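Here are a few exercises to work through with the model open beside you. Try each one before you read its solution.

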Amino acid sequence: MAELRLLTLYPEQMNIYADRGNVIFLERRCRWRGIGFSSAAAGIGEGFDPDEHDLIYIGGGQDRDQRMVAADLVATKRVAFAAALAGGAAALAVCGGYQLLGTSYELGGERIEGLGIAPLHTVREPGPRLTGNVSIEVDLGSGPRILAGFENHGGRTYIDAGGVPLGRVLHGHGNNGRDGREGIVLGNLLGTYLHGPLLPKNAWLADELIARAIARREGRRPELRPLDDRIEDAAHAGAIRAAERTRA
Amino acid sequence: MTATGSSRRPRAGSGGSGRGLFAAKVAAARAVGALSRRSGRGGGTTLPGRLLLRAAPDALGRLAARLQGPRTVISATNGKTTTAGMLAAVLDAAGRRPVHNRAGSNMAWGVATALIEGGGDEGLFEVDEAWLPRIVDDLSPTLLVLGNLFRDQLDRYGELERLADEWAATIAAREGRTGFVLNADDPLIADLGRDRDLRRRDGVTFFGIEDPDQAVAELQHAFDAKHCRRCGAPYRYERAFVGHLGHYLCPGCGADRPAPDVCATAVELRGIEGSAFTVRTPAGELAIDLPIPGLYNVYNALAAIAAAERLEVPFELIRAGLGSVRAAFGRVETIAVGGRALSIMLIKNPAGANEVLRTLELEAERAGAGIDLWIALNDGIADGRDVSWVWDADFELLADRVRRVHCAGTRAAEIALRLKYAGWPTDRIEIADGIAASLDRALAAAGDRLFALPTYTALIELRTLLARRGLAAEFWR
């Protein structure tokens with residue numbers, strides 16, 4: 001039986017916007033299809049075996065927690081994270097977790113070192129927090145799809161040379177409110193400011209991550225059995241409409 | 001101790017208007033309020049304050065300074081309206097009628113409106129948690145009651161820790177001029193009652209729950225204070241009662257839960273009917289019958305009791321006052337609609353929703369059958385535009401206890417989705433957009449009682465709808 005082995009990084013600290021909704025969503029969709037699901041966590045000071053996890057998730061946290069997590073990521077998880085990605089694991093980094101993928105980010109005037117596994121950096125600029133419903137157009141190889149959710153970030157993220165954004169902003173702010181780019185994609189690593197429970201609002205992305213994670217161990221991309229997604233589709237449409245109602 | 005002379009409150013002469021002109025502005029704002037209420041269009045709870053603060057930015061301080069008696073300010077993420085209502089009922093039993101922003105309009109203009117209407121020489125103000133640091137010096141409270149801090153509407157307020165830091169600065173600055181009533185069981189609040197060296201600040205009363213039987217079996221997912229504010233060490237929880245409210249120790253720096261001065265023992269929850277408990281205070285013990293349900297309302301009652309003692313309300317009147325309390329607007333009220341009971345309970349954030357879900361779990365147990373529900377999730381500014389929070393609330397509690405649920409509101413499908421993934425059978429979930437049509441369908445399908453769980457703006461819509469049908473008083477009355 002196929003199995004999805006999920007690793008959540010810092011579930012104690014990086015969970016501020018109901019990130020557990022993503023885990024619940026992945027678990028149910030696997031179980032309904034008869035796909036095994038196991039979930040592990042790595043917190044402060046804990047390393048992990050890069051071969052034992054097919055999907056890595058890191059969510060958003062409060063400033064103080066994020067500072068602590070940044071130092072710990074670099075000290076105890078950078079090597080394993082990079083090795084897991086090199087070995088074909090998929091990863092989703094959201095909000096604060098997304099910022100930490102980059103080379104650096106700023107917090108209270110201080111420049112903090114990030115994981116440095118994605119070509120991006122995050123700075124502070126004058127102006128309000130970038131908050132609101134957001135929708136972006138994403139193409140992960142199977143044609144354009146819409147990703148819709150909510151963003152709430154003080155930092156402005158810029159993609160460095162060679163980097164590819166996850167999507168193009170349709171409504172909302174995106175990485176920095178200026179260049180129309182949102183998130184980053186680097187092979188099986190996805191980063192985005194669409195925070196908290198974004199997978200429930202975008203079932204197609206959840207299934208894409210499940211397929212990529214399983215492909216890592218099976219050696220080929222599985223055919224996922226379709227589910228009755230009427231409520232999922234309605235929630236997706238509702239999130240898109242909410243983004244369309246926002247200005248900009 | 002801080003010198004009390006260096007008040008930062010704005011005064012006449014510092015950009016404000018002279019006494020005669022100010023009185024004219026107050027009179028004009030009051031007239032607008034009366035007019036707006038008479039026209040029935042609502043808005044009477046904030047409009048006069050808005051107008052006056054625009055004409056005289058220092059009005060709040062000037063009006064509050066006129067109050068000769070005590071000025072009590074209440075803030076919390078959850079329960080501030082209810083706590084203020086409880087304290088008002090207790091003061092009422094003692095024949096005291098404070099100036100009180102009882103409509104729950106708790107930002108600067110709501111408080112200003114209550115002051116413009118006047119009518120008493122003491123003040124009782126419920127203040128929004130983010131507004132508290134901004135207007136506390138204007139109101140210059142003699143007593144500050146702080147109930148809890150939970151994650152709520154993060155799109156409006158930024159992060160919880162920032163708010164806690166602002167509150168800490170507020171308390172430190174007011175020590176010596178203000179008395180404090182603080183929740184010992186919320187580490188974010190209790191810690192405000194101690195200075196840097198863990199010395200108890202002057203004038204603090206702590207309250208808390210001392211009944212281990214009320215602890216939840218496991219810590220909830222929406223858990224907001226895992227780490228000590230002082231040293232960052234994870235708290236060790238002996239037990240938790242509501243969200244992160246409970247008995248905790250800090251193994252790092254010793255910032256443990258302080259022993260409460262006012263505490264509830266022998267709590268008995270009676271479903272939606274209410275609860276009974278014994279309260280222990282420095283003045284003795286008292287048996288309380290609380291006609292509104294849930295352990296969270298026991299916390300609200302403790303805050304009101306501790307405040308009433310500080311306000312020198314005679315002991316026996318506290319009991320009488322609490323017995324007469326009605327739930328605040330939309331926080332558990334039951335209205336007869338077409339031969340069925342419609343019980344309305346506001347949900348607005350994970351901690352509050354979890355307590356509503358616990359009360360409903362008790363109701364389902366008592367009924368011995370599945371319950372009928374109507375849930376309306378809106379994403380207006382007053383609801384919090386970010387509906388992510390529904391994934392942090394423990395809807396799993398009711399997975400096999402629901403006969404039928406109707407989902408409504410601007411984000412009806414999102415709440416339906418949450419219920420599906422909480423294990424609720426999909427053939428019992430119905431989605432409709434419109435509040436009115438959906439409520440009617442839910443009522444038609446329900447047994448004797450329908451539980452309605454609206455977010456804030458959905459509650460306003462619901463109340464307006466019921467008022468139009470002649471079933472409920474409109475909220476600003």
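Helix axes here are lines fitted to C-alpha atoms over the stretch in contact, and angles run from 0 to 180 degrees between N-to-C directions. Helices (H or I, at least four residues) and strands (E, at least two) are DSSP runs, numbered from the N terminus. This is a predicted model, with local features needing pLDDT of at least 70, side-chain atom pairs counting only at pLDDT 80 or more, and totals for chains, interfaces and linings using all residues. Residues are numbered from 1 along each chain as its sequence is written, chains are lettered from A and ligands numbered from 1 in the order in which they are written, and side-chain values use heavy atoms, leaving out hydrogens and water.

**Exercise 1.** Describe how helix 1 of chain A and helix 13 of chain B cross.

*Solution.* Start with the axes: those of helix 1 (residues 20–32) of chain A and helix 13 (residues 412–421) of chain B come within 10 Å and cross at roughly 60°. That makes helix 1 of chain A oblique to helix 13 of chain B (under 35 degrees is roughly parallel, over 145 roughly antiparallel, 65 to 115 roughly perpendicular, and the rest oblique).

Next, find who touches whom, with contact meaning heavy atoms within 4.5 Å. Helix 1 of chain A brings A:R20, A:I24, A:F25, A:R28, A:R29 and A:W32, and helix 13 of chain B answers with B:L417, B:R418, B:K420 and B:Y421. Sort the residues of this contact and you get five nonpolar, no polar and five charged.

**Exercise 2.** Is A:A18 buried or exposed, and where is it found?

*Solution.* Look in the loop between strand 1 (3–9) and helix 1 of chain A. Phi of A:A18 is near 60°, a positive value in a residue other than glycine. With a relative accessible area of 1%, A:A18 is buried (under 20%; exposed is over 50%, partly exposed in between, with a 1.4 Å probe and protein chains only).

Terms used:
Nonpolar A, V, L, I, M, F, W, Y, C, P; charged D, E, K, R; others polar.
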